[in-house]
Amino acid sequence: MSFYDELRDSGLTYSDAVDIISFLVKQPYHEVAANPYYKIPLAIKKKIRAKLADSIPVAYITGRKEFYGREFKVTPDTLIPRPETETLVEAVLADLSKKQSLTTAKPACLIMDLYTGSGCILLTLLKALPEVRGIGVDISAKALAVARENSEHLGVADRCEFIEHDLLNGLPDCELGDMLVITANPPYVSNSDYEKSAASLFHEPALALVAEDEGYIHYKKLLNTIANLAINRLYFYFEIGATQAETIRKYANDLALGTRTLRDLAGRDRVMTGQVVRF
Ligand SMILES: C[S@@+](CC[C@H](N)C(=O)[O-])C[C@H]1O[C@@H](n2cnc3c(N)ncnc32)[C@H](O)[C@@H]1O
């Protein structure tokens with residue numbers, strides 16, 4: 001039996017099985033997809049089997065993950081980008097592409113990506129929007145090193161910087177300009193839900209997943225910060241857990257912030273967005 005068939009029989013998805021083979025034989029994904037039946041040395045097969053038996057996610061085995069059609073480096077210090085996070089990217093692009101102020105803003109519109117991890121959200125947006133600049137913020141220096149590497153690999157390093165900062169203390173001190181877009185995919189899993197998670201989740205950094213206050217602490221802090229920012233045009237986009245929209249909307253409304261909730265492709269609440277425009 002080919003190693004590809006073995007991987008599929010063990011329950012891996014088609015794309016994960018092809019990705020492992022492509023990583024092992026150092027051939028592009030699309031070439032392996034056309035013919036995945038490569039011969040793999042026994043010693044290497046054994047290593048991969050052991051990692052999969054230990055529930056190590058495929059992205060940590062290959063060291064990469066596709067997000068919005070681009071490849072991102074990932075390590076066990078970064079969350080593995082999720083397809084549902086592409087809903088947030090879509091929402092930002094759909095809104096910003098309609099705004100003429102995006103191209104006329106001086107200084108250039110700033111996208112501040114909070115909890116940036118691998119940088120997948122920020123860097124995808126910078127690739128699509130050549131007129132904007134970006135700042136990625138995270139508490140993890142190791143995650144930021146990966147984000148920086150991704151920014152260089154994607155050719156946008158000259159338009160972004162990365163700041164190590166604990167966002168529970170508010171935003172880092174930096175020049176925000178006149179038009180600010182805040183994107184955020186904070187940790188939002190409650191301690192009790194985390195304990196019930198699938199084994200593979202325990203290989204990702206708990207820091208990237210678990211949040212105090214039943215998963216809401218970062219949203220509360222962020223909304224407070226946003227409500228008190230003195231800025232003319234601010235647009236915010238948060239990824240949220242599928243059952244969190246009502247509670248977060250209430251926090252926002254209590255601070256006089258209006259919001260919209262957007263759903264992912266599976267029909268689940270996934271993004272909360274709002275704006276503060278003062279003239
Ligand atoms: C859910 S991950 C999001 C990563 C990436 N934006 C994505 O969508 O794949 C959350 C990130 O928040 C960071 N983080 C956790 N607590 C933080 C804090 N208090 N201040 C700043 N960053 C924090 C973690 O290191 C992690 O990279």
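Q: Where does asparagine 185 lie?
A: Asparagine 185 sits in the loop between strand E6 (179-184) and H10. Such labels stand for DSSP runs, numbered from the N terminus: helices are runs of H or I with at least four residues, and strands are runs of E with at least two. Residue numbers start from 1 along each chain as its sequence is written. Please keep in mind that this is a predicted model, in which local features need pLDDT of at least 70 and side-chain atom pairs count only at pLDDT 80 or more, while totals for chains, interfaces and linings use all residues.

Q: Why is asparagine 185 called buried?
A: Let's start with the rule: a residue is buried if 20 or more other C-beta atoms lie within 10 Å of its own, exposed if 12 or fewer, and partly exposed in between, with C-beta atoms placed from the backbone. Asparagine 185 has 25 C-beta neighbours inside 10 Å, so it counts as buried.

Q: Why does lysine 196 count as exposed?
A: Lysine 196, in the loop between helix H10 (191-195) and H11, has 9 C-beta neighbours inside 10 Å, so it falls in the exposed class.

Q: What makes tyrosine 68 partly exposed?
A: Tyrosine 68 has 19 other C-beta atoms within 10 Å, so it belongs to the partly exposed class. You will find this residue in the loop between strand E1 (64-67) and strand E2 (70-73).

Q: Why is strand E4 said to be largely enclosed by the rest of the structure?
A: Strand E4 covers residues 133-138, and five of its six residues are buried, so the rest of the structure largely encloses it.

Q: How do you know that E4 pairs with strand E3?
A: Two strands pair if DSSP finds at least two bridges between them. Strand E3 (residues 110-114) and E4 are joined by five bridges and run parallel. Across this pair, leucine 114 stands opposite valine 137 in E4.

Q: What joins E4 to strand E5?
A: Five bridges link E4 with strand E5 (residues 160-164), and the two run parallel. Here isoleucine 135 has glutamate 161 in E5 as its bridge partner.

Q: What makes a crossover right-handed?
A: Picture the strands pointing away from you: the crossover is right-handed if the path from the first strand over the helix to the second runs clockwise. E3, helix H8 (residues 120-128) and E4 form a right-handed β-α-β unit. E4, helix H9 (residues 141-153) and E5 form a right-handed β-α-β unit as well.

Q: Why can we say that the buried residues of H9 line one face of the helix?
A: The buried residues of H9 are Ala143, Leu144, Val146, Ala147, Asn150 and Ser151. Looking down the axis of H9, these fall within an arc of 160° (taken from the directions from the helix axis to the C-beta atoms), so they line one face. On the other side of H9, Ala141 and Glu152 are exposed.

Q: What makes strand E7 mostly covered?
A: Six of the seven residues of E7 (residues 233-239) are buried. E7 is joined to E6 by six bridges, and these strands run parallel. Seven bridges join E7 to strand E9 (residues 269-277), and this pair runs antiparallel.

Q: What makes the peptide bond from lysine 106 to proline 107 stand out?
A: That bond is cis, with omega near 0°. Proline 107 lies in the loop between helix H7 (101-104) and E3.
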